[in-house]
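Thanks for coming, everyone. I have one model to show you today.

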Amino acid sequence: MKKVLIIACAVISFVMLLFGGSLCSCAQSVNNNQVIDSLINITRLNDKTLMIGLAADAVTAIATQKGIVIIDAGISGTLTSHYRIIIEKELNRNDFVYVINTHGHHDHTSGNSAFSKATIIAHENALKEMHDRWSDTAKVKARLKNTVKQYDVMLKGLTQGSSDWKEAFCQRTRYNCAYEDAVNNVEVRYPDMLFTDTLHTSMGDVNLNMIYFGKAHSESDIIVYIPEMKMFFVGDLFFKGGRPSFDTLDKQQVDNYHKAIEWIAVRSSESDIVINGHGQIMDKGDMDSFIEIVRKKIAELY
Ligand SMILES: [Zn+2]
């Protein structure tokens, strides 16, 4: 697995030089586009698969015999358009056929608009989650603006160029792109292929198996399993070391987590990897640790 980190000290110095105290926006100027491109990470998962993102965004592109499949689309259509251009260059093709949303949250679906010709696949509940969010655009804008402001405050208290500063700067850039998309009415693309329990699609050389286990992190979490690549894509269900929100889950949600993690456990071997919706790559050991957290929670609740 080869990881290509485009963030470099030189780039951060360039960003600092360019903006001094005032941070960048996602507006379409050459310099701002250069800054965004300089902050994007590319991780090669195998010879057919790339994961691309900026800060907590993680957009995966899989080159299959029947076209490119995208798993999760990121927080901003504008930002994901940058990812799309990189994917086209790296894979030397642009036949995007499917975008799969692992759930309906905006930081996984707002980039759908960057893939205008692809069919968007999601669980049926994702549609309602997205409509609920975008029914009040003023609220969306206010929330995103507030998040950007919080990062501005955080950045003022950090040493420029430090690792914490770089991380906050990237997150600030990411949220600002989402905010500007909302202000500029960038299209929200809703899923157009929905399923209830499972969906299986052959892409020629690989099979996409999509499974819903019930409400867990959201109302619409699915797992995408690609057996030929030994990969499970789990959205925001699983993170290394557990999830802070786990304490607030009810019995049904914890049971659904249990079903999902057991489903993975019986199918995976030591060489399989689990990739979450924010770019963490987990091995069997990480998942075994999560199983213990789920079992502990079940013991508490029953
Ligand atoms: Zn989420």
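**A covered strand and a zinc site**

Start with strand β11, residues 222-226. This strand is mostly covered: 5 of its 5 residues are buried. Look at the two faces. Ile222, Val224 and Ile226 are buried on one side, and Ile223 and Tyr225 are buried on the other.

Keep in mind that this is a predicted model. The protein chain averages a pLDDT of 90, and 89% of the residues score at least 70.

Now the neighbours of β11. Strand β10, residues 207-212, runs antiparallel to β11, joined by 4 bridges. There, Ile211 stands opposite Ile223. β12 also pairs with β11 in the antiparallel sense, over 3 bridges. Here Ile226 has Met231 of β12 as its bridge partner. β11 and β12 make a hairpin, with 4 residues between them. In the turn, Lys230 has a positive phi of about 55°.

Next, the metal. Which residues coordinate the zinc ion? They are His103 through NE2, His105 through ND1, His217 through NE2 and Asp236 through OD, at 2.2 to 2.3 Å. Why is the arrangement irregular? Because the 4 donor atoms subtend angles of 91 to 170° around the zinc ion. Along the chain, the donor spacing reads H-x1-H-x111-H-x18-D. His103 sits in the loop between β6 and α4, and Asp236 in the loop between β12 and α8, 133 residues apart. Both His103 and Asp236 are buried.

Last, a caution. Where pLDDT is low, the predicted coordinates should not be read in detail.

Notes
Residues are numbered from 1 along each chain as its sequence is written. This is a predicted model: local features need pLDDT of at least 70, side-chain atom pairs count only at pLDDT 80 or more; totals for chains, interfaces and linings use all residues. Side-chain values use heavy atoms; hydrogens and water are left out. pLDDT is the predictor's confidence in each residue, from 0 to 100. Donors are N, O and S atoms within 2.8 Å of the metal (3.2 Å for Na, K and Ca); water is not among the atoms, so sites may look incomplete. Four donors count as tetrahedral if all angles lie between 85 and 135 degrees; four count as square planar and six as octahedral if opposite donors are over 155 degrees apart and all others between 65 and 115; anything else is irregular. Helices (H or I, at least four residues) and strands (E, at least two) are DSSP runs, numbered from the N terminus. Buried means under 20% relative accessible area, exposed over 50%, partly exposed in between (1.4 Å probe, protein chains only). Two strands pair if DSSP finds at least two bridges between them.
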